[in-house]
Amino acid sequence: MNYYKISNLESYFKAYKKSVKEPENFWGEIADENFTWYQKWDKVLDYDMINADIKWFVNGKVNIVKNCIDRHLNKRGNKTAIIFEPNNPDEAAQHITYLELHERVCRMANVLKDKGIKKGDRVCIYLPMIPELAVSLLACARIGAIHSVVFAGFSASAVASRITDSECKMVITSDGAYRGNKSIDLKGIVDEALEKCPSVESVLVVKRTNTDVRMKEGRDQWIQPLLDAAAKDNVAEIMDAEDPLFILYTSGSTGKPKGMVHTTAGYMVYTAFTFKNIFNYKEHDIYWCTADIGWITGHSYIVYGPLLNGATTVIFEGVPSYPDFSRFWDVIDKHKINQFYTAPTAIRALAKENLSYVENHDLSSIKVLGSVGEPINEEAWHWYNNHVGRKTSPITDTWWQTETGGIMIAPLPFITPTKPTYATLPLPGIQPVLMDDRRNEIEDNQVVGSLCIKYPWPGIARTIWGDHQRFIDTYFSAFPGKYFTGDGALRDEVGYYRITGRVDDVVIVSGHNLGTAPIEDAINEHPAVAESAIVGFPHDVKGNALYGFITLKEVGEYRDRANLTKEINEHISSHIGPIAKLDKIQFVSGLPKTRSGKIMRRILRKIAEGDFSNFGDTSTLLNPEIVDEIKNERID
Ligand code: WTA
């Protein structure tokens, strides 16, 4: 039996059973039969879930880019690997074949080497959604450099802290980025960031918007002349299975962002396997994931997963609302998209618009729909099913995380019966458990618990860059011996999982993970602010939005609250990025605190939600009277 492609429910259960009973044989066979290795592994898995020391395909030697591109060249050289759909629909789309992609990646790899980038060096990539973004990732991986993509919506100080944390030697960026009817000065943001980044020796700049930029002598160079001069072939580096492939920063519930480290072979096997099964990809299909490559969804399911399967993947530079709300449907119609993967927040935003936007397009090419990033509410699920899937294309609601590398719980299209709001069944190899507050496994149905995974899978992140102890503390300590996801979930009577949301101080806004602590840190730097507490509250389109409770040092010169509100949001924008702005800001005379000085966020969360029914035990509060004041002045 070929476990790589599961064909029906019976074979799903068979594969699942084997993956639990004989995990090493299960993954070993998949790895053996579906990839090109320089050298096979000595042992499939070596692990210690207490010290978070996990190794897959021990001593195997491989290059992921050889598997993404080179091995397809004989059979699929002239097949389109990437379709680039520009921000402006009047600009022609580009079709890049596997042969062309090979050449572009090799040239870029040679440029990086010429600039002194070696195996193990970190390269920061800060680019818009243009082909060079995928090419940069692949060029790094080809020569063994570790890429650290920073989403091109982050501010200079967010870029700077990510570059410094992993001591990147190089930054690849562009003169600017198009986003709907705006253009963003990416190079200017990089220049500002680099004032604080001594590790960066060189900056390569892609020309995209043709805007004037400052080029720092001896540091900055336009990339195109270098690519033109570079050789078009490149010998890929032989990588150890556990060599780091990339770092991707994700918000933590406390402190600075966590540089999640993914390694080579396990990530390769897991993203390829999950892509194949979850999207039911067939040889001539055109697949489109609307995420940005700056997030894990783009890494795993725009670049690596699809290319490992020899698929055609779309890179979309634009936004769903430009030039109007029919853009997604227009692109589906234009490129005859077969698999479409997007986020609930986009679905909710588009569902609010006139139905004619979607109805005026031919969406009959669609076979499978995907959802990712946050729980999909029932209404959005039905709208997606009725209007985009025409009730014939299954929706796969995919639950996973930056840390998991690939999709963990999701229905397999045409195999697992779907159920709105349920991510349904775990993929083979994934052993979820729900834990109660006493650290006991919950056996009952319909009881919410902390979602943990009790056995390693190949795609799991291996560490946090430079801080393994934080990796252990964050993910392996709450429930010793298990990986703790930070999410709550319940199980129904047939074993389907429903993710209920974060149980920590991370809020998912429009599908983006935002830690409340870093936002609070940013706000607290404002001269007027004494203290702040940020919580999430439900929002129609964004899923969640942010509510800030803020105490001021001296009211004096900040009497104008509207102005101060604006200033605080600008402050957040420049420290983190516009995505972290607060929807509501309430100035309060104090925050509810326990006697040990901890802010009682549980109460603030309820107030923000407008639920005054039961604040739970407030007897431990130092200042219980403050609750009424905050409640009475709540912003609606
Ligand atoms: C949430 C994105 C419900 C969850 C791939 C998780 C989801 C966090 C779903 C990770 C889903 C993602 N249903 N919740 N289908 N998918 N989440 O790291 O809270 O950006 O922990 O990875 O998003 O977000 P991240």
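Student: Which residues come nearest to the ligand?

Tutor: Of the 17 residues around the ligand, D397, T398, T402, D487 and R502 come nearest; a residue counts as near if one of its heavy atoms lies within 4 Å. This is a predicted model, in which local features need pLDDT of at least 70 and side-chain atom pairs count only at pLDDT 80 or more, while totals for chains, interfaces and linings use all residues. Residues are numbered from 1 along each chain as its sequence is written, and side-chain values use heavy atoms, with hydrogens and water left out.

Student: Where does a polar side-chain atom of D397 lie relative to the ligand?

Tutor: That atom lies 2.7 Å from a nitrogen atom of the ligand. A polar contact is a pair of N or O atoms within 3.5 Å; within protein, one must be able to donate a hydrogen and the other to accept it, and residues adjacent in sequence count only if both atoms are side-chain atoms. A polar backbone atom of T398 is also 2.7 Å from a nitrogen atom of the ligand, and a polar side-chain atom of N513 lies 3.1 Å from a ligand oxygen atom.

Student: How much of the ligand does the protein bury?

Tutor: The protein buries 95% of the 530 Å² that the ligand exposes when taken alone; these accessible areas come from the Shrake-Rupley method with a 1.4 Å probe, and for residues only the protein chains shown count as cover.

Student: Moving on to H262: is it buried or exposed?

Tutor: H262 is buried, with a relative accessible area of 0%. Buried means under 20% relative accessible area, exposed over 50%, and partly exposed in between (1.4 Å probe, protein chains only). H262 is found in strand β15 (residues 258-263); helices (H or I, at least four residues) and strands (E, at least two) are DSSP runs numbered from the N terminus.

Student: Which backbone oxygen lies 2.8 Å from a polar atom of the H262 side chain?

Tutor: The backbone oxygen of T402 does.

Student: What about strand β6: how many of its residues are buried?

Tutor: Five of the five residues of β6 (residues 122-126) are buried, so this strand is largely enclosed by the rest of the structure. R122, C124 and Y126 point one way, and V123 and I125 the other way. In a regular strand the side chains alternate between the two faces of the sheet.

Student: Which residue in β8 stands opposite I125?

Tutor: I172 in β8 does. β6 and β8 (residues 170-174) pair in the parallel sense over four bridges, where pairing requires at least two DSSP bridges between two strands.
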